[in-house]
Amino acid sequence: MIPLAVAIVVGALLAAAVALAVVRIVLGPTPADTAVAGDLIFFAFVGLVAVFALLFGIVAVLDIILVASVLGFLSVLSLARLLQGGRR
Amino acid sequence: MIATVLGSALLILGAGVILSAAIGLVRLPDLYTRTSAIGTAAGLGVAFMILGVVVLDFSWLNLLKGVIAIVAQLITSAIGSFALARSGYLTGSLPAAITVPDELAEDAAVGASDSSANDEAPTAGSANA
């Protein structure tokens, strides 16, 4: 389905992205910076799910990505609402 | 063979774009530039990865799902980063000092001076209307 070397390279790139986002979460001066870093971690997680699903031959990979992107949008909107304490 | 090479290249390109967004997240000076980096680069990176999955695992149904997912991803990442930047501004996340025209702060200052200059009654009436 996908060569193992490609999966390792993509996984290493995404893991580096997650590590940098964790650095921003630790350093982040405001809660909004933490929320943005969490958003990036979610995107990298979607990419990792795609790579693992291709590696293990799971046929529902695009359904997973489609549902995950819509749910990520809802989570970002609720995070933005949460930052404002429920006010609009 | 060609599909494998092309799909692998698209996957690696998407992961590299997400990594560039993460580098921007660490290096950029304030919340708004970070939000810009995430909203554009991460959305584009996930779109490249979806395209790579479609090329590697091609069928017409997968192509349809991939196009829907790419359109949804591009729209929702932009809207989500905009909502995060807006809530960051409302909760007092200051822009970097090099941000020269801060028009939102100028609008807020003008609105505050207007409401303080006017009487209380018309302000309350306009707020109710």
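Of the contacts in chain A between residues at least 6 apart in sequence, 51% join residues at least 24 apart; two residues are in contact if their C-beta atoms, placed from the backbone, lie within 7 Å. This is a predicted model, in which local features need pLDDT of at least 70 and side-chain atom pairs count only at pLDDT 80 or more, while totals for chains, interfaces and linings use all residues. Residues are numbered from 1 along each chain as its sequence is written, and chains are lettered from A and ligands numbered from 1 in the order in which they are written.

Chain A contains 3 helices and 0 strands, taken as DSSP runs numbered from the N terminus (helices H or I, at least four residues; strands E, at least two). The order of elements from the N terminus is α-α-α. The C-alpha trace of chain A spans about 45 × 30 × 10 Å along its principal axes. Its radius of gyration is 15 Å, whereas a compact globule of 88 residues would be near 12 Å; the radius is taken over C-alpha atoms, and the globule rule is 2.2 Å times the number of residues to the power 0.38. Of the 88 residues in chain A, 43% are buried (20 or more other C-beta atoms within 10 Å of the residue's own, C-beta atoms being placed from the backbone).

Turning to the partner chain, 42 residues of chain B are in contact with 43 residues of chain A. Helices H1 (2–27), H2 (31–56) and H3 (60–90) of chain B each supply at least two residues of the side that touches chain A. H3(B) gives the most, with 15 residues.

Terms used. A residue is buried if 20 or more other C-beta atoms lie within 10 Å of its own, exposed if 12 or fewer, and partly exposed in between; C-beta atoms are placed from the backbone.
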